[in-house]
Amino acid sequence: MDTENKARAFNPVPLILISLGIWLPIIGTLLTSYLSRDPATPSGPMAFGGAVVLLAQVEIFAIIFLLIYAFAVKPWRLSTTIRAVFSINAVAATVAAIGIIVTLANINLQ
């Protein structure tokens, strides 16, 4: 099966779900970080701790599925649109993974 046939038979649903799994936790974490800076809340950042942990778990699963997707579909061989979407998601997943690792390292240092 050549590249053109693969592009025609391409199903975008897995990539869309992986994209949501990558971008929604990033946006949600930024939003909870912004909301927890309000000095009027008595518990501060700890009020959103459970939500941030849940978002980090979703992010980790999305990164795992992105890696599986990359090995199974090889999107860099498909159309330029699919390649661009995959590349943007891969960069966002890399930045999010580094953020999760740095956050876990900072928790252990405190």
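## Aromatic pairs

The structure, a predicted model, holds two aromatic pairs. A pair of aromatic rings is described by the distance of the centres and the angle of the planes; here, rings of Phe, Tyr and Trp (its six-membered ring) pair if their centres lie within 6.5 Å, and planes under 30 degrees apart count as stacked, over 60 as edge-to-face and the rest as tilted. Tyr69 and Phe86 form a tilted pair, with 6.4 Å from centre to centre and 35° between the planes. This pair links distant parts of the chain, since Tyr69 belongs to helix α3 and Phe86 to helix α4, 17 residues apart. Helices (H or I, at least four residues) and strands (E, at least two) are DSSP runs, numbered from the N terminus.

Tyr69 is buried, at a relative accessible area of 7%, and Phe86 is likewise buried, at 11%; buried means under 20% relative accessible area, exposed over 50%, and partly exposed in between (1.4 Å probe, protein chains only). The rings of Trp76 and Phe86 have centres 6.2 Å apart and planes at 55°, so this pair is also tilted. Trp76 sits in the loop between α3 and α4, and Phe86 in helix α4, 10 residues apart, so that this pair, too, links distant parts of the chain. Trp76 itself counts as partly exposed, with 41% relative accessibility. Through these ring pairs, Tyr69, Trp76 and Phe86 are linked into a cluster.

## The nonpolar core

A nonpolar core is a set of buried Ala, Val, Leu, Ile, Met, Phe, Trp, Tyr and Cys residues joined through side-chain atoms within 4.5 Å. The largest one has 14 residues, and those with the most contacts inside it are Phe10, Ile22, Leu66 and Tyr69. Two or more residues of this core are given by each of α2 (13–35), α3 (49–73) and α4 (80–109), with the largest share, five residues, coming from α3.

Contact means heavy atoms within 4.5 Å. Leaving aside neighbours within four places in sequence, Ile22 is in contact with Glu59, Ala62, Leu66, Asn89, Ala92 and Ala93. Glu59, which lies in helix α3, counts as buried at 3% relative accessibility. With neighbours within four places again left aside, the contacts of Glu59 are Gly21, Ile22, Pro25, Ile26, Ala93, Ala96 and Ile100.

Val73 is found in helix α3 and is partly exposed, with a relative accessible area of 28%. Not counting residues up to four places away in sequence, Val73 touches Phe10 and Leu78. Val73 and Phe10 are 63 residues apart in sequence, while their C-alpha atoms are 8.9 Å apart in space.

Most residues other than glycine have a negative phi. Lys74, although not a glycine, has a positive phi of about 55°. Lys74 is placed in the loop between α3 and α4 and is partly exposed, with a relative accessible area of 28%.

## Confidence and conventions

The mean pLDDT of the protein is 79, and 76% of its residues reach 70 or more; pLDDT is the predictor's confidence in each residue, from 0 to 100.

Residues are numbered from 1 along each chain as its sequence is written, and side-chain values use heavy atoms, with hydrogens and water left out. In this predicted model, local features need pLDDT of at least 70 and side-chain atom pairs count only at pLDDT 80 or more, whereas totals for chains, interfaces and linings use all residues.
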